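Trainee: I've got a new model open and I'd like to learn how to read it. Can we go through a few features together?

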Amino acid sequence: METRLINIGFGNLVSAQRIVAIVSPESAPIKRMVSDARDQGTLIDATYGRRTRAVIFTDSGHVILCAVQPETVAHRVGSREVLQNGEGGGL
């Protein structure tokens with residue numbers, strides 16, 4: 001199985017196969033889930049201090065904050081604009 005890495009901004013990459021959901025951070029339930037992940041130590045903040053625009057949930061239970069719109073991340077998951085096996089790609 002080949003590894004597909006998705007750019008989530010600022011040079012950060014996430015394995016496409018591990019993504020369960022990509023959501024907007026505005027709703028109260030999502031804010032609560034982010035807070036719970038922070039308390040449990042499973043939160044990964046990849047925003048570099050910028051505003052959180054998308055929250056990514058993984059199959060390992062990790063929650064990733066990123067500064068890229070959810071639609072942009074979803075488009076990158078579905079396109080050929082990914083790094084495969086950690087090499088090349090049109091980023």
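Trainee: Which exposed residues does the face of α2 turned away from its buried side carry?

Mentor: Some ground rules before that. This is a predicted model, where local features need pLDDT of at least 70, side-chain atom pairs count only at pLDDT 80 or more, and totals for chains, interfaces and linings use all residues. Residues are numbered from 1 along each chain as its sequence is written, and side-chain values use heavy atoms, with hydrogens and water left out.

Mentor: Now the general idea: an α-helix has 3.6 residues a turn, so residues three or four places apart point the same way. Here, the face of α2 turned away from its buried side carries Glu71, His75 and Gly78, which are exposed. Buried means under 20% relative accessible area, exposed over 50%, and partly exposed in between (1.4 Å probe, protein chains only). Helices (H or I, at least four residues) and strands (E, at least two) are DSSP runs, numbered from the N terminus.

Trainee: And which are the buried residues of helix α2?

Mentor: In α2, residues 70-78, the buried ones are Pro70, Val73 and Arg76. They sit on the same side of α2 because they cover an arc of only 125° around the axis; that arc is taken from the directions from the helix axis to the C-beta atoms.

Trainee: What covers the buried residues of α2?

Mentor: The cover includes the strands β1 (4-7), β3 (19-23), β5 (54-58) and β6 (63-66).

Trainee: How many salt bridges does the structure hold?

Mentor: A salt bridge is a side-chain nitrogen of Lys or Arg within 4 Å of a carboxyl oxygen of Asp or Glu. The structure holds two. One joins Asp59 and Arg18, with the closest N and O atoms 2.6 Å apart. Asp59 lies in the loop between β5 and β6 and Arg18 in the loop between β2 (13-15) and β3, so the pair ties together parts 41 residues apart in sequence.

Trainee: Which side chain meets Arg51 in a salt bridge?

Mentor: That's Glu26, at 3.6 Å, N to O. Arg51 lies in the loop between β4 and β5 and Glu26 in the loop between β3 and α1, so this pair links parts 25 residues apart in sequence. Arg51 is exposed, at 53% relative accessible area, while Glu26 is partly exposed, at 48%.

Terms used: Contact = heavy atoms within 4.5 Å.
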